[in-house]
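Subject: Structure handover

Hello,

Here is the structure I said I would pass on. My notes on what was found in it follow below.

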Amino acid sequence: MKTYTFRYDPEATLEQASQRMLRAARGGKPHIRKDEMACSDLKTLLKIAREGRLEIFQAILNQKPDSLHALAKIVNKDHSYVFRECQVLEGFGLVSLEKTEGDGRPKVRPVALYDRIVFDMGMGITVPKMAHG
């Protein structure tokens, strides 16, 4: 099972995350760690991994649509919205958008590159050792 992680990392800078998001939104490949995206604050992390985007990823993974048009019908969203969100998902490295031929015209088929997405909030609790006395 191939897993992608959205990670809370206080060492990551907001500027780095914003630049990655912009590159992803433009359809380019962001500079990310392999198999993960790290953000220094939870607000940015939740903005990047928003519900609608994750819903689209889940539909791609589970329904395996043969085109963006079919995906838009599955998630009941506007085609242009689905296309933009898929470009962002492609920029993060979560999906690939494969050009195929269909009915005499080219189609774009979204393909999930991961089996699951996890969120690592990095908020483990450390219990201090108690003094014996």
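Predicted model: local features only at pLDDT ≥ 70, side-chain atom pairs only at ≥ 80, totals over all residues.

Two elements, α4 (68–75) and β4 (105–112), each provide at least two of the lining residues. β4 has the largest share, with 4 residues. By type, the lining holds 4 nonpolar, 4 polar and 3 charged residues.

In the chain, serine 67 sits in the loop between α3 and α4. The side chain of serine 67 comes to 3.0 Å from the backbone nitrogen of alanine 70. Leaving out residues up to four places away in sequence, serine 67 touches Lys107, Val108, Arg109 and Pro110.

The protein chain contains 5 helices and 5 strands, and their order along the sequence is β-α-β-α-α-α-α-β-β-β. The chain has 133 residues, and 35% of them count as buried. Among contacts with a separation of 6 or more, 65% are between residues 24 or more positions apart.

In soluble globular proteins, nonpolar side chains tend to be buried together. Here the largest nonpolar core has 26 residues, and the members that touch the most others are Tyr4, Phe6, Ile56, Phe57, Leu71, Cys86 and Leu94. Two or more core residues come from each of β1 (3–8), β2 (36–39), α2 (42–48), α3 (51–63), α4, α5 (79–91) and β3 (95–102). The most, 5 residues, come from α3. What does leucine 71 touch, not counting residues up to four places away in sequence? The list is Ile56, Ala59, Ile60, Pro65, Val82, Cys86 and Pro110.

Lysine 2 belongs to the segment before β1. Between lysine 2 and tyrosine 114 there are 112 residues in sequence, but 5.0 Å in space from C-alpha to C-alpha. With residues up to four places away not counted, lysine 2 touches Asp35, Leu113, Tyr114, Asp115 and Arg116. The relative accessible area of lysine 2 is 37%, which lies between the 20% and 50% limits, so lysine 2 is partly exposed.

Last, two backbone angles. Most residues other than glycine have a negative phi. Lysine 64 has a positive phi, near 50 degrees, and is found in the loop between α3 and α4. Asparagine 76 also has a positive phi, near 55 degrees, and its place is the loop between α4 and α5.

Regards

Note on methods: Residues numbered from 1 in each chain as written. Heavy atoms only, no water. Nonpolar A, V, L, I, M, F, W, Y, C, P; charged D, E, K, R; others polar. Core = buried A, V, L, I, M, F, W, Y, C linked by side-chain atoms within 4.5 Å. Buried < 20%, exposed > 50% of the residue type's maximum accessible area, 1.4 Å probe, protein only. Contact = heavy atoms within 4.5 Å. Polar contact = N/O pair within 3.5 Å; in protein donor to acceptor, adjacent residues only side chain to side chain.
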